[in-house]
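Dear colleague,

I am passing this structure on to you, and below it you will find my notes on what turned up in it. Please keep it open while you read, so that you can look for each place as it comes up.

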Amino acid sequence: MPRIADTVTTADGSCPVTLHTPDGEGPWPGIVMYPDAGGARETFAAMADKLAGYGYAVLVPDVYYRDGDWAPFTMATVFEDQAERNRLFGMISKVTPEFMAADASAFFDYLAARPEVRGATFGTTGYCMGGRTSLIVAGRVPDRVAAAMSFHGGGLAADDPGSPHRLADAMLAPVYVGAAQNDPSFTTEAGETLDKALTAAGVEHTIEWYSASHGFAVPDNAPYDEPAARRHWAAMESFFGSHLH
């Protein structure tokens, strides 16, 4: 799949991105794929290539660009290495809902200006913290989002004021949540809270539970689960196929 490395100008600087497109002639619908806590890396470039193969132009942003030229994390050990864990959570804490929304607007403007991309609204998908970002963007930049997906996203119905479920009334896009059954960051109780909020707001949505642990869809995560990952690819193909044109 063709892959372009570029930068997107935001209010806070230049965000490195990769744009992944199918072979052949476009234009195609655009999707922003938000990485997990480990940030943009080759694993996500490969995943974006796969999603592009379904017929989309897929943008993967470096959500930590405000930290400059940051050193990559080793996903197999980052949560056991206290210094690396502290560095990771320090970076995560800087990616606020306000920054997510502002950056998303810049990403959507970039996609809209690309000759490979068609349409004025876009899909969003993400993993772990990126799954939360996907839904926050759907609530904070609703007129630009045509379909929003989240896989093993954490904090989707949390007590904090930035929780995505509090944005349900603003959401216009259909929402799909692929949740891990073994995930303290999104419990069945949180799933019920999110479902009730989306239902009350009249948001078309699906919440499905995968027999897997948090991190199941990302190949370099220790809890990666191949059957669950295959199911998530089928869900993306179906959901985006129904809502992005």
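**Notes on the structure**

Histidine 152 has its place in the loop between β6 (145-151) and β7, in what is a predicted model. Its phi is near 35 degrees, which is a positive value in a residue other than glycine. Is histidine 152 buried or exposed? Its relative accessibility is 1%, so histidine 152 counts as buried.

Cysteine 128, found in the loop between β5 (117-126) and α4, has a positive phi of about 60 degrees although it is not a glycine. Its relative accessibility is 16%, and because buried means under 20%, cysteine 128 counts as buried. Another backbone feature is the cis peptide bond that joins glycine 26 and proline 27, with omega at about 0 degrees; proline 27 is found in the loop between β2 and β3 (28-34).

**Cavities**

How many cavities of 30 Å³ or more does the structure hold? There are 2 of them. The largest cavity contains about 50 Å³ of space, and its lining is made up of Tyr34, Val63, Val95, Met100, Asp103, Phe107 and Thr133. Helix α3 (residues 97-113) gives the most to this lining, with 3 residues, and the lining of the largest cavity as a whole divides into 5 nonpolar residues, 1 polar and 1 charged.

The second largest cavity contains about 40 Å³, and the residues that line it are Val63, Tyr64, Arg66, Asp67, Met91, Lys94 and Val95. The lining of the second largest cavity divides into 4 nonpolar residues, no polar ones and 3 charged.

**Aromatic rings and charges**

A pair of aromatic rings is described by the distance of the centres and the angle of the planes. The count for this structure comes to 13 aromatic pairs. In one of them, the rings of phenylalanine 186 and tryptophan 209 have centres 5.6 Å apart and planes at 15 degrees, so this pair is stacked. Phenylalanine 186 lies in the loop between β7 (175-182) and α5 (188-200), whereas tryptophan 209 lies in strand β8 (residues 205-213), so the pair ties together parts that are 23 residues apart in sequence. At 2% relative accessibility phenylalanine 186 counts as buried, while tryptophan 209, at 25%, counts as partly exposed.

The rings of tyrosine 210 and phenylalanine 216 have their centres 4.8 Å apart and their planes at 15 degrees, so they are stacked as well, and both tyrosine 210 and phenylalanine 216 are buried. Tyrosine 210 also has the charged end of arginine 231 over its ring, 4.0 Å from the ring centre. Elsewhere, lysine 50 lies over the face of tryptophan 233, at 5.3 Å from the ring centre. One aromatic cluster is formed by Phe44, Tyr56, Tyr127, Phe151, Tyr176, Phe239 and Phe240.

Finally, please look at aspartate 49, which lies in helix α1 and is buried, with a relative accessible area of 15%. Its side chain is joined to that of arginine 3 by a polar contact of 2.5 Å.

With best wishes

Notes: Residues numbered from 1 in each chain as written. Predicted model: local features only at pLDDT ≥ 70, side-chain atom pairs only at ≥ 80, totals over all residues. Heavy atoms only, no water. 1 Å grid on protein atoms, 1.4 Å probe; cavity = no way out; pocket = protein on both sides within 12 Å on 5 of 7 lines; lining within 4 Å. Points joined across faces, edges and corners; volume = space filled by probe spheres on them. Helix = DSSP H or I, 4+ residues; strand = E, 2+ residues; numbered from the N terminus. Nonpolar A, V, L, I, M, F, W, Y, C, P; charged D, E, K, R; others polar. Phe/Tyr/Trp six-rings, centres within 6.5 Å; stacked < 30°, edge-to-face > 60°. Buried < 20%, exposed > 50% of the residue type's maximum accessible area, 1.4 Å probe, protein only. Lys NZ or Arg CZ within 6 Å of the ring centre and 35° of its normal. Polar contact = N/O pair within 3.5 Å; in protein donor to acceptor, adjacent residues only side chain to side chain.
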